[in-house]
Amino acid sequence: MKPLSLAHISWLRPFAAYFAERGVSLVPYLTAARIEEALVEHGDGWITKHQLYGFLNDLAVGEEMPEKGFVVGERLTPHTIGAIGEEVMGSATLGEAIGKFCRLVPRHVENNRLWVVEDERGEVWLFNEIMDRLPESDLADHAGGMSLVNIVRLAAGDSWYPRRMSLQAGRTEAHRRFSGLRGCDVSFAAEATGVAFPAELLLRPLSLEDRPAPTSEGPDGLLVGGETFVEKLRVLLSGIVGVGGMLPSVHLAAEIANTSARTLHRRLREEEVAYQDLVDEVRYERATHLLATSDASVK
């Protein structure tokens, strides 16, 4: 018999709060999903994904609100998801926050896999794959996509929305009814739900206020200071290597440093250092730090 996949009740609470504020009785929906009302109020405990998805879909149909997943998903901020949020909000940069998010979510929502990759446009994608999707998972995908948006917003600001997004869910026009995503290029029936964002955000400090992207202060895009180019690049790489399993290419590193890959290679040659050797050193340092300070496995 296939084991039941579980989700922490904290992922349901923002939905319950949204409709309770609008005077909607949740009792029929909770009863149909066999979820105890006291469990939602207490906010600590586990339900099956089948219960979670059934509750969400019954609400969407019953309240005639197909865009509900996106609307309420916008409330899935680090402040609303309990212990995960507390860990994430303690990060210095977005890259660190995403790294923690990718490690912690699978412990609160079983059979979810999160990772980060770069693309050919100089952007990175934060992905979340639900590996045991059920037929009624679509609204959970919509909400999950917005939870990823909210992670990026920790550095990009509250008004930020992605220009590109993917959903495991099937095709829908529901996102067009959500103002923030009307101009977003969304692909459906994808391998994973994800959002694309500018690579330079990875090194931006967390902030709840909107602010412009950082500007370059030097001819190579790296800050002017007493350190050598290699030392500056090492600091940059330490903030992005291993984030969501990512190994940044020289092109992505150059993008974040606001320089060209050609210039980056040239400056490294001048100091007789190979880019891959530098990445490997930073990977080793990061791995030993994680093994010493967290419960991360050797793998």
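A residue is called buried when its relative accessible area is under 20%, exposed when over 50%, and partly exposed in between (1.4 Å probe, protein chains only). By that rule, W125 and F127 are both buried.

The model here is a predicted one, in which local features need pLDDT of at least 70, side-chain atom pairs count only at pLDDT 80 or more, and totals for chains, interfaces and linings use all residues. Residues are numbered from 1 along each chain as its sequence is written, and side-chain values use heavy atoms, leaving out hydrogens and water.

Let us start with confidence. pLDDT, the predictor's confidence in each residue, runs from 0 to 100; its mean over the chain is 86, with 92% of residues at 70 or more.

Now step inside. A nonpolar core is a set of buried Ala, Val, Leu, Ile, Met, Phe, Trp, Tyr and Cys residues joined through side-chain atoms within 4.5 Å. The largest one has 91 residues, and F55, I98, F197 and L237 have the most contacts inside it. Apart from it lies another core of five residues, including W125 and F127.

Next come the rings. Those of Phe, Tyr and Trp (its six-membered ring) pair if their centres lie within 6.5 Å; planes under 30 degrees apart count as stacked, over 60 as edge-to-face and the rest as tilted. There are five aromatic pairs in the structure. Y18 and F19 make an edge-to-face pair, 5.1 Å centre to centre with 80° between the planes. Y18 counts as buried because its relative accessibility is 10%, and F19 does so because its value is 3%. W125 and F127, by contrast, are stacked, at 5.3 Å and 5°.
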